[in-house]
Amino acid sequence: MHIGIDSFAAISSDPAAGGITATERLRNLVDEIVLADQVGLDSFGIGEHHRSEFLDSAPAIILAAAAGRTQRIRLNSAVTVLSAADPVRVFQEFATLDLISGGRAEIIAGRGSFIEAYPLFGLKLEDYDSLFEEKLDLLLKIRAETHVHWQGRHRPALTGQGIYPRPLQNPLPIWVGVGGTPESFVRAGTLGLPLMVAIIGGDPRHFKPLVELYREAGRRAGHAPDQLKVGLHCIGFVGADDRQAADDFFPGYAHAFTEIGKERGWPPVRREQYEAGRGPRGALLIGGPEQVAAKLVVLNELLGGLASVNFQMTVARLPHAKMLDAIEVLGTKVAPLVRQADRRFAPLTRS
């Protein structure tokens, strides 16, 4: 199992964290990616949003800045809002990142959980599904062929134009990022693409039938089982011990989700909800190293084997020093425990 971190480059602060400029936040973010590389984590992803509280509207640029200061960590989008993007530009950006990084780029293509990108780029929200399906088809076509012949509804046709540069990796890895829609799992399986599942709340057990649906769709389409990789994007944070981690992360988590809830009709986040999410049947990977490793071992067994788990540790900004500490603990303590898959941790989360 590969273990990594995802970031949305949050600039809106936990009141306890104090103020910070956008320049400082991005410099800190690159430093966090460098440390993740140094402590042996496998990947770092930057999402894409077009909102005032995030600085990740151009993720490939942030990742390119990190590529020049890192050696082995894989760099991905988490996720590219493909529905609102031009697949030609997406491919060119990540092919360039792949060349800069020496073959470490990956695209995680999705539709996004916010809608600001659609009016921003002159798109209709009612085309949400058809935009993604069509643009994913074009992105895969560009990956497979340098000179592309293609026609669709939402973009001018390509009539043999060359798409450059070509990436170092052949093929450039493309994952499909999904939420909880069965059709999305089936689409990814039918195409034989690796699947990145966002589980940010509720009981992860509810995703088991959907993951099985993905694997069955892939099998029916003739794809080999080892081609049908499953990864998780989860909210997580690791501290020296269970209570310290929980207390450090809660204020920023509650602030971020309460603010989002004002838009979506959710009630304010309560501490008891948060603690339930950290429990055996919750989706939050927040605690000390052994608690988090134990939960990952169980999730791996539950979902039939995971290729990767990415911790969303910056859903709300924490002080930079605490983020660096958490990254170090994740890389030096949690990751080795999970990779060993030591069975002595499993009973801790099965109650």
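The largest pocket has a volume of about 1000 Å³. Its lining comprises 46 residues, and those closest to the pocket centre are Gly112, Ser113, Phe114, Ala198 and Ile200. The model is predicted, and totals for linings use all residues.

Several elements contribute to this lining. At least two residues each come from the strands E5, E8, E9 and E10 (230-238) and from the helices H5 (128-144), H6 and H8 (242-264). Helix H8 gives the most to the lining of the largest pocket, namely six residues. By residue class, the lining of the largest pocket holds 23 nonpolar, 14 polar and nine charged residues.

The second largest pocket has a volume of about 330 Å³. Its lining is made of 20 residues, and Ser57, Ala58, Pro59, Val90 and Glu93 lie nearest its centre. Helices H2 (59-67) and H3 (87-101) each supply at least two residues of this lining. The largest share comes from H3, with seven residues.

Among the elements that line the largest pocket is strand E8. Strand E8 spans residues 174-178 and is mostly covered, with five of its five residues buried. Ile174, Val176 and Val178 point one way from E8, while Trp175 and Gly177 point the other way; all are buried.

Strand E8 is paired with E5 and with E9. Strand E5 (residues 105-110) is joined to E8 by three bridges, and the two run parallel. Within this pairing, isoleucine 108 has tryptophan 175 of E8 as its bridge partner. Three bridges also join E8 to strand E9 (residues 195-199), again in parallel. Here valine 176 is partnered by leucine 195 in E9. From E8 the chain crosses through helix H6 (residues 182-191) to E9, and this β-α-β crossover is right-handed.

The two topics meet at the largest pocket. The paired strands E5 and E8, along with E9, which pairs with E8, each supply at least two residues of its lining. Helix H6, through which the chain passes between E8 and E9, likewise supplies at least two residues of the lining of the largest pocket.

How values were computed: Residues are numbered from 1 along each chain as its sequence is written. This is a predicted model: local features need pLDDT of at least 70, side-chain atom pairs count only at pLDDT 80 or more; totals for chains, interfaces and linings use all residues. Side-chain values use heavy atoms; hydrogens and water are left out. Buried means under 20% relative accessible area, exposed over 50%, partly exposed in between (1.4 Å probe, protein chains only). Helices (H or I, at least four residues) and strands (E, at least two) are DSSP runs, numbered from the N terminus. Two strands pair if DSSP finds at least two bridges between them. A crossover is right-handed if, with the strands pointing away from the viewer, the path from the first strand over the helix to the second runs clockwise. On a 1 Å grid over the protein atoms alone, a cavity is a set of points where a 1.4 Å probe fits but cannot get out, and a pocket is an open set with protein on both sides within 12 Å along at least five of seven lines; lining residues have an atom within 4 Å of a point. Grid points are joined across faces, edges and corners, and a volume is the space filled by probe spheres set on the points. Ala, Val, Leu, Ile, Met, Phe, Trp, Tyr, Cys and Pro count as nonpolar, Asp, Glu, Lys and Arg as charged, and the others, Gly among them, as polar.
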